[in-house]
Amino acid sequence: MLKTFSLLCLFTLTLLSQTAHGTGLLTAAEKTASATEAPIAQVKEPSYNYQDSLFRDTPRGALAGLFEASFEQDFDKAAKYLDLRYLPDDMDAERGPEYAKQLIAIIERNIWVNLQEINDTPDGTSGDQLPTYRDAFGRVEVKGSEITLLLQKVPNKQLGSIWKVSNATVAKVPLLYSELGYGPVVEWFVKHVPPGHLFKLNLWEWALLVCYFLLALLVVIPITWIVKKLILRTDYQYKADVAHLVVGPSRLLVALLLVRAWMAHTTLSANVIAVVNTGFLLLIAVVWFIWSLTDVIQNSLRLRWISQGNSQSASLLRPLANFTRVILVALAVLIWLEHLGFDASTILAGLGIGGIAVALASKQSIENFIGTITLYSSAPIKVGNVGRFGTITGTVEEIGLRCTRIRTIDRSVINVPNARLSEMDIENISEREKIRLKTDIRLDYQTSAEQIHLIIDDIRALLEQHEKVEESPLRVTFKGFGLYGLQLNVFAYIGTTDFAEFQRVSEELHFGIMNVVSKHGSRIVPVVPVAAAQP
């Protein structure tokens, strides 16, 4: 899991580095507010035909060369971009690589340099209230005083003059580094981690991030393990789900928050702070936490509602939880994009236009979703119900977001789109509290009125004495004179919802009726006369 997170983070950083844009020269105070929007700007194709092999013909070329040398960890070369003449007595030109390294640290931690705004002509910038032989490339604030970082034109035997970092600025590097440079922890990593880069970050910066994260896990894992054990010892019904939430997403989320808290009290480069401030891993942790928390809430509500007999609401939890997840994750992503500097309202407007196109393309799916809401809200059927749905008779096995699965009496499965199902005439057989018994009996016209009275009385008594027959309504009546016989109507309710039991009781009653008719010397005739058997 962590490996996947790291790869995603690196991919995001690559995209951000490609899309980052310059913001001019910032002071240290300004940088605190907009801090670390991107690393030192990369060099574009030079617009000046440089004669110096180190590109020191112009201020921009000198800075670009300095940054390139520092990126390659070649601080001997970087020292060639510093004016090491006339330094204070306590400074030595032989320590030029060390001064270059400290200067790069000061720049990385405190200012953003947009090389495209640095002059790219040998004469430098004019009208900036500085001498013609000096150009500014940044400002930092130390103890309430603003110090300008300068480039200076110095003599050169071959070209006449070249540009370097001013000796006045170099003279202030040790003081600036003590105030604005790296702390002892970062210094240890700088000294002990081999030089090199990975995805535009120094290897020591990656090592620092990894060590902070591992240290945070060492602190968080024992604490979350203890909390898990305490939760599992409780009598809480859903303790297993909560324990998984604690040792899973909560562990990662707390570890990342702890790393960010430590980073806030550590002297770091703008590059590292930019990595932390993207919040990509934090977004992953929050989304994972939301996802798992939704599972916990869904499972607890489902078990509670099922125990209360509200299975219909319980079956609604699954699509509702999925919908909630999508909304919360989308909200988290929008907040993250807003944090990165994107305009969330513009994104939403674009999604709205795209949503119209998607809606038109998925018209049927939307109708089915609305049909699902209708089925859940009006609840004409529930999972497990037996019913007639148009010409289909079967048991409801699942009410999904798109269709409802029905198992027919033949044991085949039919998936009916919810949009169509919501418009059908639905007969919910399972909602019957009892089953009707209704039958017509046709007696031979040779049956007398007295025999009919006795037959009616005995059939009524037969029904009243059966334990499964409801007392009311219960009717046995002489309906009239039919085309083929004298018609008796039997109407009653069997007190069961089990169709198999209804059939058994119905069979008993029909046999009893046949016996009653035979007992009183009459006979039951069919609707259509049966031809007499030929001898």
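This is a predicted model: local features need pLDDT of at least 70, side-chain atom pairs count only at pLDDT 80 or more; totals for chains, interfaces and linings use all residues.
**View 1. Arg475 over Phe491.** The ring of Phe491 has the charged end of Arg475 sitting over it, 4.4 Å from the ring centre. A charge counts as over a ring if NZ of Lys or CZ of Arg is within 6 Å of the ring centre and within 35 degrees of the ring normal. Residues are numbered from 1 along each chain as its sequence is written, and side-chain values use heavy atoms, with hydrogens and water left out.

**View 2. Two aromatic pairs.** Rings of Phe, Tyr and Trp (its six-membered ring) pair if their centres lie within 6.5 Å; planes under 30 degrees apart are stacked, over 60 edge-to-face, and the rest tilted. That rule gives 4 aromatic pairs. One of them is Tyr50 with Phe55, edge-to-face at 5.4 Å centre to centre and 75° between the planes. Phe491 and Tyr493 have ring centres 5.5 Å apart and planes at 85°, so they are edge-to-face. Phe491 is buried at 11% relative accessibility, while Tyr493, at 21%, is partly exposed (buried is under 20% relative accessible area, exposed over 50%, partly exposed in between, with a 1.4 Å probe and protein chains only).

View 3. Most residues other than glycine have a negative phi, and most peptide bonds are trans. Phe55, though, has a positive phi near 65°, in the loop between α2 (28–34) and α3 (59–71). Tyr86 has a positive phi as well, near 55°, and is exposed, with a relative accessible area of 69%. Ser472 and Pro473 are joined by a cis peptide bond, omega about -5°. Helices here (H or I, at least four residues) and strands (E, at least two) are DSSP runs, numbered from the N terminus.

**View 4. Helix α8, residues 203–232.** With 30 residues, α8 reaches 42 Å from its first C-alpha to its last, close to the 44 Å expected at 1.5 Å a residue (the expected span is 1.5 Å times one less than the number of residues). Its buried residues include Trp204, Leu208, Tyr212 and Ala216.

**View 5. Helices α5 and α6.** The axes of α5 (residues 96–110) and α6 (residues 167–180) come within 9 Å and cross at roughly 50°.

Definitions and conventions. Axes are lines fitted to C-alpha atoms, for helices over the stretch in contact, and angles run from 0 to 180 degrees between N-to-C directions.
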